[in-house]
Amino acid sequence: LNPWDVMLCVSGTAIACENALVVAIICYSPALRTPMFVLVGSLATADLLAGLGLILNFVFQYVIRSETVSLLTVGFLVSSFAASVSSLLAITVDRYLSLYNALTYYSERTVLCVHTMLAGAWGVSLCLGLLPVLGWNCLHDRAACSVVRPLTKSNVTLLSASFFLIFLIMLHLYIEICKIVCRHAHQIALQQHFLTASHYVATKKGVSTLAIVLGTFGASWLPFAIYCVVGDPDYPSVYTYATLLPATYNSMINPIIYAYRNQEIQRSMWVLFCGCFQAKVSFRSRSPSDV
């Protein structure tokens, strides 16, 4: 057994368990049907599928050796991780709109926008996953292989370019969100003639959280995306594993950042596991702009 494959399988198991819990909570709780939780559910579903894909890849690699199965597994993983990254972009857009169009955010137009974003994200992700299955692979041309076999160099270049584009869009949107948050704090300060300590702390916390969210995403995926572009298939496979493994950790961290910190999901977990939720305990419903 390759220890890197074992670590990827363990990572996939942890990812699947974490995100399966989030999906179960959202499906179990009728109150979690707002656009924000639909997006969180999409992210958890994509990460759940990615975790299952890592497990299946390990099983088929050591139990069923087949080129067809290998292509299907790689395509499944590409679709799942692409859907995860696309869902993160959709959540970022939703957070931006909840601040930029705060007065009209809670409307049917927002629901339509969310469903359109998700349909586009999953549609594009499915197409990207089907590319190697439909023939864009290097099974019959070893010279065209990339650092991720059996994907071709042009295939991983396309995937990396898509990631860089999404990362830049998210970076721009989070910068705009920071500007809006700081502007709101300044307006409150002008109305009250001074910036209170609580407003300063809240603003600083919001900006810090945004930096953590984007930093975690970039630190997880950037090394692998860069290596896919500059790497050579003749390089030792340990380089591919060493950059791919941190990328999988993003799907492990996503539930903590986007789900378990939310008080509505915490309450639903209480109800689901303990059945001892006390009605007198109040929880504040959080909007997408709460980060």
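This tour moves through selected residues and helices of the structure, one stop at a time.

The structure is a predicted model, in which local features need pLDDT of at least 70, side-chain atom pairs count only at pLDDT 80 or more, and totals for chains, interfaces and linings use all residues. Residues are numbered from 1 along each chain as its sequence is written, and side-chain values use heavy atoms, with hydrogens and water left out.

**Thr248**

Please select helix α7, residues 237-260, where Thr248 is found. Helices here are DSSP runs of H or I with at least four residues, numbered from the N terminus. Is Thr248 buried or exposed? Thr248 is buried, its relative accessible area being 0%. Buried means under 20% relative accessible area, exposed over 50%, and partly exposed in between, with a 1.4 Å probe and protein chains only.

Next, display Ser11, whose side chain is joined to that of Thr248 by a polar contact of 3.1 Å. A polar contact is a pair of N or O atoms within 3.5 Å; within protein, one must be able to donate a hydrogen and the other to accept it, and residues adjacent in sequence count only if both atoms are side-chain atoms. Leaving aside residues up to four places away in sequence, Thr248 touches Leu8, Ser11, Ile15, Leu54 and Phe81. Such contact means heavy atoms within 4.5 Å.

**The nonpolar cores**

Now select Phe163, Met170, Tyr174, Phe217, Trp221 and Tyr258, which touch the most other members of the largest nonpolar core, a set of 45 residues. A nonpolar core consists of buried Ala, Val, Leu, Ile, Met, Phe, Trp, Tyr and Cys residues joined through side-chain atoms within 4.5 Å. The helices that each supply at least two residues of this core are α2 (35-62), α3 (67-100), α4 (108-133), α5 (153-192), α6 (197-230) and α7. The largest share, 12 residues, comes from α3.

Centre the view on Met170, which touches Leu88, Leu89, Thr92, Leu214 and Phe217, not counting residues up to four places away in sequence. Apart from this core lies another, of 14 residues, including Ala16, Val23, Met36 and Ala44.

**The salt bridges**

How many salt bridges are there? The count comes to two, a salt bridge being a side-chain nitrogen of Lys or Arg within 4 Å of a carboxyl oxygen of Asp or Glu.

Select Glu176 and Lys179, whose closest N and O atoms are 3.7 Å apart. Both residues lie in helix α5, three residues apart. Glu176 is partly exposed at 21% relative accessibility, and Lys179 is partly exposed at 47%.

Finally, select Arg267 and Glu264, which meet at 2.4 Å, N to O, within helix α8, residues 263-274. Arg267 is partly exposed at 26%, whereas Glu264 is buried at 8%.
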